[in-house]
Amino acid sequence: MTEGPVAITGAGLVTPAGTDSDTTWEALCAARSLESGDPEPLAGTGAWHSLRVPPLRPGQLTGRGTARTDPFIRFALAAVDEALVQAGLDPRSWDGSRVGIVVGCAFSGVTTLEEQHRRLDRHGPEMVSPYLHPRSLINMAAGTLSVRYGITGPSHTVAAACASGASALGLGKTLLDAGVCDTVIACGTDSAVTPLVVSGFARMGALSEHKGPDASRPFAADRDGFVISEGAAAVVMEKPAKARARGADVLGRLLGYGSTSDAHHPTSPRPDGAGAAAAVEQALAAARMTARDVTTVNAHGTSTPQNDQTEARLIARLFPHGPSVTANKGLLGHTLGAAGAIEAVLTLRSLRSGTLPPIAHTERADPDLPELDLVLGSARSHGGTVAVSTSFGFGGSNCALVLDA
């Protein structure tokens, strides 16, 4: 195995801010609040705000069967389409046996499962769709991508709760490092703004009860929970030499990643942040970097009291030199299994453009947290080249990515 940086040559985004990378990036930098999605799933739960992906543009996603897939599959397809176009790759001409797919997802086809369960209750088993399982199994985003693009190499699905998307990029790098693949498509996707999922989070007290569009406020003094959201992100990863040989425009590089488990609690992070810190330290070591090389951190930043407190202490301890800190969930909400991949794409965009988007809706940092250089109010120019993006999930899953541009 030859470890080293891998080149990212294409990226795609599907988020509540837009169904492509440019639209999402512009909204993130402007920090303009997004309107709540369909309020029906929130009825009676005590949560008042959710974010939905807007309808895909006409012609954005074509092909037989794409319109009737579960949203978590459809979002992945659209994000990968955009990434492949940007990478300048034509699946009709590649050796599919040398291409791998890694998809990160937390909830899979829960929209389809809930719809079909209602049909079962109301009309009986004979009315359950024969497409129930092809539309809902957690590996079916990867399976559908394989069929659509003629990919016959490794196909993996990573389920690491809210660290799934970041973990997908990490596993994709591992496949390239091992020489198993020449190209890897890594994707994070989730669509779980449904009555059952929202009710479960609400019963845990994890969702914000704020009624306005500024409900997600990472690291703010008045934060009270996260805003549930949905979306997908995809990247095309290659060995740098291969990307150069075909004249590809390299958006940035994944230098290293780390993955650990807290072994502490089903839903709460370790108060001392030891597992999360170990993931960051692993990622830096794999990247052959030190903490002082990091100029910006894209924080997990869920806007929940406990997570933000633990993470703020972690950042202050690991990075005493005070790199800039942003958090995309202020605007986009928490896209669950897609979050880490979305934030990796946005981190690359930030490094490449020299612009740090602000933490939307956070006007005043919590004075009880360690002092961090939070990007508040408006976008900020940034001359650094190395970033860490962190993702943490239920079950004690921790993942950190080190990226440069």
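This is a predicted model: local features need pLDDT of at least 70, side-chain atom pairs count only at pLDDT 80 or more; totals for chains, interfaces and linings use all residues.
Residues are numbered from 1 along each chain as its sequence is written, and side-chain values use heavy atoms, with hydrogens and water left out.

Helices (H or I, at least four residues) and strands (E, at least two) are taken as DSSP runs and numbered from the N terminus. Strands of a sheet pair through backbone hydrogen bonds, either parallel or antiparallel, and two strands are counted as paired if DSSP finds at least two bridges between them. On this basis the model holds an open sheet of eleven strands in the order 3-2-4-5-1-6-13-12-7-8-10, with mixed pairing. Its edges are formed by strand 3 (155-158) and strand 10 (373-374), each of which pairs on one side only. Within the sheet, strand 1 (residues 6-14) and strand 6 (residues 252-261) are joined in the antiparallel sense over three bridges; Val6 has Leu254 of strand 6 as its bridge partner, and Ala7 is partnered by Arg253 of strand 6. Strand 6 also pairs with strand 13 (residues 397-404), again in the antiparallel sense, over eight bridges, and here Arg253 stands opposite Asp404 of strand 13.

Axes are lines fitted to C-alpha atoms, for helices over the stretch in contact, and angles run from 0 to 180 degrees between N-to-C directions. Helix 2 (residues 71-87) lies across strand 1, strand 4 (183-191) and strand 5 (230-238), and runs at about 135° to strand 1. Helix 10 (residues 305-318) packs on the sheet by touching strand 7, strand 8 (324-326) and strand 12 (386-393), its direction making about 145° with that of strand 12.

Two packed helices are described by the angle between their axes and the distance between the axes. For helix 1 (residues 21-30) and helix 12 (residues 339-353), the axes come within 11 Å and cross at roughly 75°, which means that helix 1 is roughly perpendicular to helix 12 (angles under 35 degrees count as roughly parallel, over 145 as roughly antiparallel, 65 to 115 as roughly perpendicular and the rest as oblique). Helix 1 contributes Ser21, Asp22, Thr24, Trp25 and Leu28 to the contact, and helix 12 contributes Leu346, Arg349, Ser350 and Ser353. These contact residues divide into three nonpolar, four polar and two charged, where Ala, Val, Leu, Ile, Met, Phe, Trp, Tyr, Cys and Pro count as nonpolar, Asp, Glu, Lys and Arg as charged, and the others, Gly among them, as polar.

Grid points are joined across faces, edges and corners, and a volume is the space filled by probe spheres set on the points.

The largest pocket has a volume of about 530 Å³, and of its 31 lining residues the closest to its centre are Thr267, Pro269, Thr304, Asn307 and Phe394. Helix 10 gives the most to this lining, with six residues, and the lining comprises twelve nonpolar, 16 polar and three charged residues. The second largest pocket has a volume of about 420 Å³ and is lined by 15 residues, of which Arg64, Gly65, Thr66, Thr69 and Thr144 lie nearest its centre. Two or more residues of this lining come from each of helix 2, helix 4 (132-136) and helix 5 (140-149), with helix 5 giving the most, at five residues.

Two cavities of 30 Å³ or more are counted. The largest cavity holds about 60 Å³ of space, and strand 7 (296-298) and helix 12 each supply at least two residues of its lining. Among the residues that line the largest cavity are Leu346 and Ser350, both of which also belong to the contact of helix 12 with helix 1. The lining of the largest cavity has four nonpolar, six polar and no charged residues. The second largest cavity, of about 40 Å³, is lined by residues including Leu34, His49, Pro213, Val227 and His361, and its lining divides into six nonpolar, five polar and no charged residues.

How values were computed:
Contact means heavy atoms within 4.5 Å. On a 1 Å grid over the protein atoms alone, a cavity is a set of points where a 1.4 Å probe fits but cannot get out, and a pocket is an open set with protein on both sides within 12 Å along at least five of seven lines; lining residues have an atom within 4 Å of a point.
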